[in-house]
Amino acid sequence: MVKMIVCIKQVPMATELPWDAHTGTLRRDLAEGMMNPACKHALEAALTMRHLHGGHVTAVTMGPPMAEEVLREAIAMGADRCLMLSDPALAGADTTVTSFALARAIEIFCPDFDLILTGCHTTDSETAQVGPQLAEELNIPGIAYVDEMEVRDRSIRVRRFSDNFLETLETDLPCLLTVNTLHHSPRYVPLSGLQDAFGEVNLLTVKASDLGIDPESVGIKGSPTKILNVFAPRAEKENIVLKGAPKKIVEEIFERFDTKISGIIKKDIKREGQG
Amino acid sequence: MKHKLVRKAVREFSEAELGPIAHDLDRDARFPWEVVEKMRPLNFFGLQVPRKYGGADLDSISYAITIEEISRVSGAMGLCVTVHNSVGVYPILKFGTEDQRDRFVPRLASGEIIGAFCLTEANAGSDAAGVETHAVQTRDGYVINGTKIFVTNGGVCSLPLIFAVTDTAEPTRSACVFIVESGTPGYSVGEIEDLCGMRANPVSSLFFEDCRVPGENLLGKTGDGIKIALATLDTGRIGIAAQAVGIAQAAFEASVKYSKERQQFRKPISSFQSIQNMLADMAVEVDAARLLVYRVCALKDAGKPFGKEAAMAKLYASTVSTSVTGRAVQVHGGYGYSKEYDVERYFRDAKVTEIYEGTSEIQRLVISRSVLSELM
């Protein structure tokens, strides 16, 4: 039996990314939300684990009231209960204070866990930091980018894919894993599950004050990270016309672009030429 | 929030499972059993069936959204699901005995068997009393003779509901609905019709030749046929209206996308007012049709009469579907007339929404009767 927590986040749909041109931030109020894809894979991994070993799955999210939708979806997919952390004081939290708040909520409301699963990253901010930071906050082992996992008594053996390497690691429970999107393709949501998800469900909503934390230490006030600006990168192209005899032009190309060509063919052409 | 999630869930499924094959299903007139297999555990075949029979027990707006979203990707599969749920399952739930519900509904709700409702004949359709399929009562049941045509799901259903009369001289008073199980001697399926649209749905004739049906398969009582048919069609119209909205929505979205991509006179055609006007009208009409559908759903769930509102939703949504898909072809120009683009399929699929489950003319009849009796 494995007692699991899955942290899920509501992110804007990839097709809808309305930016506020003045503040350089995402207008979350305008975007249709969805469960972050990697979080959905983590939830699927947890449901599969429960199917194999028994136990229960608690879905946890932090976000504005509308984020409750992803918890209802998690219940529709099969999660047993949900914890919602929602408070205007938490708005604008960076990854550090998000992990801090999630850790306190888990310690208070679901301390008895074996395994925490999170997505390996989110599609909105792509930091991939909350999972590892949460492991630090809870002082448990954390392994990122996991695609396969196998519980063996009180330990877990996982395979992770990172930097083009596959690694097999083993650690004791409790621990935290961030799950990538290579395996554990999420199941479709059954319609009966959706009907149930809006009936009597075990969904607890808590505020910052329920966590016994200073409101000044969380949210945008408590966040050490300040986003100064968000912008789309500009790619600039320059057209250069070389004139003259072909031999001369080729020499000039190599002269002007030796570093770039070396990079592309992965050989230092100057050294090769000298050699 | 629930309705948004239902939309997302059905859209995700439909786009992933039907999206890549919808064009080919239409071209090949193939019914996708492999998709049906995946739909079964997700409760697509028991949308409003109570839990004790294995259904999802959804409210009517969720039902309409489900049909809308399937039809947005594949009108033909939207048709299969709505016909199964509304006119295949609903009459047994509403008018069936406990024994009939226990025997048939769980198998229908799980999608193990697919349902259909057969009213139309060569000389009967809008005029239900013109039905010639005849049932003769025997000691232990009925013997049915007749031919039903244009049966949606005809080629794949295993439990058609048959509208027949026991006395052709008194069709209205003797009308009955029978539950016929596949494999019953004398029941056979005709060739699949070669239709303009909805080609992935195997619409066919069904033949009944001395087909013996046990007495316990009579739905309701002798003479209940018209009542059952009218109630069934009221419900069925909600599904067809939702289907029409889904097809129109797909055509509208395709038009917006294409108008931004297609360049003429060195500008996207969406920058021209003539195209903008078309898109604006399409947006308004699709939304208005959708709201009419949701209103009738809300009335139905509140237990209020909804026959007139179902007819209004069906009439308007089907008219909008035909007209929006027509304009979608126009926005696409020559490409819209090519089978390479999906709007050509939407255009063909939309037309029949003005015909089945009561033609637009019959909807106007239902609506006018109602308004004439309501208002002094």
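**Domains, helix packing and chain contact**

Tutor: The domain assignment divides chain A into domain 1 (2-222) and domain 2 (237-275), with bounds that come from an automatic or database domain assignment. The model is predicted, so local features need pLDDT of at least 70 and side-chain atom pairs count only at pLDDT 80 or more, while totals for chains, interfaces and linings use all residues. Residues are numbered from 1 along each chain as its sequence is written, and chains are lettered from A and ligands numbered from 1 in the order in which they are written.

Student: What separates the centres of domain 1 and domain 2 of chain A?

Tutor: The centres, taken over C-alpha atoms, are 50 Å apart.

Student: Why is α5(B) called roughly antiparallel to α8(B)?

Tutor: Helix α5 (residues 75-95) and helix α8 (residues 225-261) of chain B pack at an angle of about 155°, their axes 9 Å apart. Angles over 145 degrees count as roughly antiparallel (under 35 as roughly parallel, 65 to 115 as roughly perpendicular, the rest as oblique), and therefore α5(B) is roughly antiparallel to α8(B).

Student: Which classes make up the contact of α5(B) with α8(B)?

Tutor: Its residues comprise 11 nonpolar, 11 polar and one charged. Gly counts as polar, Asp, Glu, Lys and Arg as charged.

Student: How many residues of chain A are in contact with chain B?

Tutor: 13 residues of chain A contact 17 residues of chain B, contact requiring C-beta atoms, placed from the backbone, within 7 Å. On the chain A side, α2 (68-77) and α5 (191-197) each supply at least two residues. That side has eight nonpolar, two polar and three charged residues.

Terms used
Axes fitted to C-alpha atoms, helices over the stretch in contact; angles between N-to-C directions. Helix = DSSP H or I, 4+ residues; strand = E, 2+ residues; numbered from the N terminus. Contact = placed C-beta atoms within 7 Å.
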